[in-house]
Amino acid sequence: HRTALGAAGLWIVGCQTAPRRLSANDKLNIGVIGVANRGQADLNGVASENIVALCDVDDKYLAAAKKRFPGAKTYNDFRRLLDQRDLDAVVVATPDHTHAVATVAALKSGRSVYCEKPLTHTISECRIVMETTRKLKRVTQLGTQIHAERNYRRVVELVQTGAVGDIREVHVWVSATYGGKTLPTDRPPIPPNLHYDLWLGPAKYRPYSPEYLPFSWRNWWAFGGGALADFGCHFMDLPHWALGLRTPSSAEVVDGPPVDPECPPPWLIVHYEYLPGERQNISAPVQLTWYHGGKKPSLLPPELAADWKSGVLFIGSKGWLLSDYVRHVLLPEKDFVGFVPPPPYIPDSIGHHKEWIQACKTDGPTTCNFDYSGALTEAALLGNVTYRAGCKIEWDSKNLRAKN
């Protein structure tokens, strides 16, 4: 018997609840969907609050989380979790292919949502999540935790105060690689602790294989989007934030392996263009090139290429600014001897999860709400679309269509 959620699953809702009025000193009642691996990290991030509901498709993971939070009710099906009436907010930490169905159902049931990145598996799902959030005015945050760290803040300040001048070109690369797999043909039994139908959710049925879960789902288009979907929202976040970008006007593959119908590319180079307008805070076009799987910009000197396995390089009229998660440098260094950075003006974050928790209580802002991070997710996923389409995409984000 299969209980997968189809497209209509985006509109399945638990009981409608009016948001509880909370003071800053009250604790949220939080339900967590996906409690192990990345979900465990998110659970740790919200553990200061009342964890009242836990959901996982793996009974072993669920039992371990229940041991930590013995007062929480447990579920295998997130739809049943959303029926629990005392929930204020929900964390979604599932694989990509169930982000949208769980997130929209949680939003429509009256809860605020923290969702892991990328926001959704597809661009159309992303738009549904953004529109639902806008309509219902829930408090949201995407799990781009690096956004809350100090290094990104200092880089944004350098860019926005013109340390390297006018920036019209950005290169973004990550060492990560996924894909390059052969569809498994063995048929091992489903582990007794795993509710495989519920793990598949809205995905088309395929026989169980340990090649899909719990760790390897990003290798398959059915469940994830490879390195670009995994790390695009982390590394493209920095130029999006610093330059005020939202969605590209075009995306085109510069180089990559042949398209595989089952697997994302182990390596890829994609060129994006951003044009002024549609809420983008740029006065002239910005070119952004993405690389993964060991590919890097050819303009990077060998010593830098060796030292920076992943990075974001802003090419400015006065120099370069190179950053990763934890460090940054102005180049060429001889040109910036004695450089005094601007006084910090972006306040330190209280913590990525804490931002969301506080906003849920006060109805305040979050830095990676689904409006900002939805556009970021759309940009990242568009690179996979142009790769799979086999042609340049002239993108009309407003109308959600390829103009060509």
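User: Which residues in H5 meet which residues in H12?

Analyst: Keep in mind that this is a predicted model. On the H5 side you have Ile123, Cys126, Arg127, Val129, Met130, Thr133 and Arg134. They meet Phe370, Asp371, Gly374, Ala375, Thr377, Glu378, Leu381, Leu382 and Val385 in H12.

User: How do the residues of that contact divide into nonpolar, polar and charged?

Analyst: Nine are nonpolar, three are polar and four are charged.

User: And at what angle do the axes of H5 and H12 cross?

Analyst: Roughly 170°, and the axes come within 9 Å. H5 covers residues 123-136, while H12 covers residues 370-389. Angles over 145 degrees count as roughly antiparallel, so that is how H5 and H12 run relative to each other.

User: OK, what about Asn37, where is it found?

Analyst: Asn37 is in the loop between strand E1 (29-33) and helix H1 (38-45). Its phi is positive, about 60°, although Asn37 is not a glycine. Asn37 counts as partly exposed because its relative accessibility is 38%.

User: Is Asp363 buried or exposed?

Analyst: Exposed, with a relative accessible area of 62%. Asp363 lies in the loop between H11 and H12, and it has a positive phi of about 60° without being a glycine.

Note on methods:
Residues numbered from 1 in each chain as written. Predicted model: local features only at pLDDT ≥ 70, side-chain atom pairs only at ≥ 80, totals over all residues. Heavy atoms only, no water. Axes fitted to C-alpha atoms, helices over the stretch in contact; angles between N-to-C directions. Helix = DSSP H or I, 4+ residues; strand = E, 2+ residues; numbered from the N terminus. Parallel < 35°, antiparallel > 145°, perpendicular 65-115°, else oblique. Contact = heavy atoms within 4.5 Å. Nonpolar A, V, L, I, M, F, W, Y, C, P; charged D, E, K, R; others polar. Buried < 20%, exposed > 50% of the residue type's maximum accessible area, 1.4 Å probe, protein only.
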